[in-house]
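Hi everyone, thanks for coming. I'd like to walk you through one structure today, so please have a look at it with me.

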Amino acid sequence: SKTNPGMAAGAMISEFDPVRVVWSGSGARVRSEIKPGYVFIIEMTTFHDTGDLTEEGMVVGPVIGPPDGLLRKPVFHPDPELLSVALKAAETYTPAAPIEVDGERYDTVVEAGSIVTGDLFSINQWKYEEIVNKFKTDLFAMETASLGQVCTFMDKPWIAMRGGSDLIQAGDATEDYLKYGPIAAEQAALFTLHFLSVLFGE
């Protein structure tokens, strides 16, 4: 759920006081042209299930504090300098090996994009249409906005790289996630390693 990564990030920041936070993982693909294993450098993330559920759909509301009582828009952006380094890293990135899945063989693509975060894994038709038509995002997952919220509130620079896994659809996502999730996670991790080498000038 979105709570767990938020708690974990907050605990590690409090304990270790890192200079920056770098996150790698996967997310469901929202657009069919995104192939499994394509990687997105997250330039914007928000929650899709925070606020008020009305007859017209989800009205995304603010998140509260800190400090106590302060209302903030639930949209989070990575550190501009880290984002700039990540985009430059994408220009020089050469995948070690092509992706082979569903009878296709292709290299990953790395680009900037967005991801929405919430507590849902599988969704119904109504929620599917809302994610696709209202949020107009690239990926759908359960962690990144929580990470962005915690890092923003704790004043820590952050960046996230997420690989595309299963294609979002109404119904049980388990089987497709188990098939495409490892591909997505691996591709995001490999690019993250390249990003770190560029960041540290190696």
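Let me start with a term: a charge sits over a ring if NZ of Lys or CZ of Arg is within 6 Å of the ring centre and within 35 degrees of the ring normal. Lys-35 does this, lying over the face of Tyr-106 at 4.7 Å from the ring centre. Arg-29 has its charged end over the ring of Tyr-180, 5.6 Å from the centre of that ring.

Quick housekeeping. What you see is a predicted model, where local features need pLDDT of at least 70 and side-chain atom pairs count only at pLDDT 80 or more, while totals for chains, interfaces and linings use all residues. Residues are numbered from 1 along each chain as its sequence is written, and side-chain values use heavy atoms, with hydrogens and water left out.

Now, rings with rings. Rings of Phe, Tyr and Trp (its six-membered ring) pair if their centres lie within 6.5 Å; planes under 30 degrees apart are stacked, over 60 edge-to-face, and the rest tilted. How many aromatic pairs does the structure hold? Five. Take Phe-76 and Phe-153: their ring centres are 6.4 Å apart and their planes stand at 75 degrees, so this pair is edge-to-face. The pair ties together distant parts of the chain, with Phe-76 in strand β7 and Phe-153 in helix α4, 77 residues apart. By the way, helices (H or I, at least four residues) and strands (E, at least two) are DSSP runs, numbered from the N terminus.

Phe-76 has 3% relative accessibility, so it counts as buried, and Phe-153 is buried at 19%.

Next, Tyr-93 and Phe-191 have ring centres 5.3 Å apart and planes at 80 degrees, so they are edge-to-face as well. Tyr-93 is in the loop between α2 and β8, Phe-191 is in helix α5, and 98 residues separate them. Tyr-93 and Phe-191 are both buried. Going back to Phe-76 and Phe-153, ring pairs link them with Phe-47 into a cluster.

Phe-153 also brings us to helix α4, which is mostly covered: nine of its 10 residues are buried. Among them are Leu-147, Val-150 and Cys-151. Just after α4 comes Asp-155, with a positive phi of about 60 degrees, although this residue is not a glycine. Asp-155 is exposed, with a relative accessible area of 68%. Asp-102, in the loop between β8 and β9, has a positive phi too, about 55 degrees, and is not a glycine either. At 46% relative accessibility, Asp-102 is partly exposed.

Last stop: Ile-159. Where is Ile-159? In strand β12, and its relative accessible area is 0%, so it is buried. Ile-159 and Val-21 are 138 residues apart in sequence, yet their C-alpha atoms are 6.5 Å apart in space. Contact means heavy atoms within 4.5 Å. Leaving aside neighbours within four places in sequence, the contacts of Ile-159 include Val-21, Trp-23, Ile-41, Leu-82 and Phe-195.

Terms used: Buried < 20%, exposed > 50% of the residue type's maximum accessible area, 1.4 Å probe, protein only.
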